[in-house]
Amino acid sequence: MSTENKIEHKIDKADLDGKQEYTITVYAENRIGLLNRIAIIFSKRKINIESLNTSPSEIDGIHRFNIVITESYEVVRKLARQIEKQIEVLKVYFNTNEEIIWQELALYKVSTDEIAEKVTVERLLRQYGASAVVIRKDYTVFAVTGHREETDALVKALEPYELIEFVRSARVAIIKDSAGFHEKLKEFEAFEPGEELIENEFLDKGEKIFTM
């Protein structure tokens, strides 16, 4: 199967030259050094990776990489082709934000006294759907899942109320129109099945064949 056929993307914008946010999804074997080689592909082209997440996928033994960058369609297409040249890579998708369902997790550490004394803080946390993860006498940690704009907005809202610490995870994303890569893998195997294992006819005749 050619690289052109393996990379999939649905163009939904007329302006292919304009930069926008893309999520590149890579299915690959989880091998030492692969992540470094993928990162080099971006660094050589001076492209900043805004978010990078790796996790097990729905296929046993196969990992999934979610890489977020802001670039033009043509640049992202070429990057995807380069990534697929890696031996361990099975499949690469790239999609705009409109083509995926995505979330990020954010944690906020806030003074417990501020929460107890000021109703505004409690109201803000409820408004953004925050849930308490850890409650201590000196601080409370809240978790929020959502889009970056939402988690950033809560940071701004909490700044006047002793926001002690903030951290946000990398993006996790699912492609809306994908039937699942494992189904596509089954289709590919049915279309281009691997060669059957042929037993070596000389396997049990070593001494007779290789003795002088």
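## A first look at this predicted model

Lys109 lies over the face of Tyr139, 4.5 Å from the ring centre. A charge counts as sitting over a ring if NZ of Lys or CZ of Arg is within 6 Å of the ring centre and within 35 degrees of the ring normal. The charged end of Arg171 is placed in this way over the ring of Trp102, at 3.7 Å from its centre.

Please keep in mind that this is a predicted model, where local features need pLDDT of at least 70, side-chain atom pairs count only at pLDDT 80 or more, and totals for chains, interfaces and linings use all residues. Residues are numbered from 1 along each chain as its sequence is written, and side-chain values use heavy atoms, with hydrogens and water left out.

**How confident is the model?** The predictor's confidence in each residue is its pLDDT, from 0 to 100. The chain has a mean pLDDT of 82, with 75% of its residues at 70 or more. Over residues 10–15 pLDDT stays under 50, and residues 192–203 also stay under 50. Where pLDDT is low, the predicted coordinates should not be read in detail.

**The cores.** A nonpolar core is a set of buried Ala, Val, Leu, Ile, Met, Phe, Trp, Tyr and Cys residues joined through side-chain atoms within 4.5 Å. Buried means under 20% relative accessible area, exposed means over 50%, and partly exposed is in between (1.4 Å probe, protein chains only). The largest core has 20 residues, and Ile24, Val26, Phe42, Ile69 and Ile83 have the most contacts inside it. Strand 1 (20–29), helix 2, strand 3 (62–71), helix 3 (73–83) and strand 4 (89–96) each supply at least two of its residues. Helix 3 gives the most, with five residues. These elements are DSSP runs numbered from the N terminus: helices are H or I with at least four residues, strands E with at least two. Apart from this core lies another, of 15 residues, including Leu154 and Tyr161.

**Aromatic pairs.** The structure holds four aromatic pairs. Rings of Phe, Tyr and Trp (its six-membered ring) pair if their centres lie within 6.5 Å; planes under 30 degrees apart count as stacked, over 60 as edge-to-face and the rest as tilted. Two of the pairs are set out here.

| Pair | Centre to centre | Angle between planes | Type |
|---|---|---|---|
| Tyr27 and Tyr93 | 6.4 Å | 75° | edge-to-face |
| Tyr73 and Phe94 | 5.7 Å | 50° | tilted |

Tyr27 lies in strand 1 and Tyr93 in strand 4, so their pair ties together parts that are 66 residues apart in sequence.

**Helix 5 and its two sides.** In helix 5 (residues 119–127), which residues are buried? They are Val121, Leu124 and Leu125. These residues cover an arc of only 95° around the axis, which puts them on the same side of helix 5; the arc is that of the directions from the helix axis to the C-beta atoms. The face turned away from this buried side carries the exposed residues Val119, Arg126 and Gln127. After helix 5 comes Gly129, with a positive phi near 70°.

**Two loop residues.** Lys46 is not a glycine, yet its phi is positive, about 55°. Lys46 lies in the loop between helix 2 (34–44) and strand 2 (51–56) and counts as exposed at 77% relative accessibility. Glu162, in the loop between helix 6 and strand 8 (163–168), also has a positive phi, near 55°. Glu162 is partly exposed, with a relative accessible area of 46%.

Key. Contact = heavy atoms within 4.5 Å.
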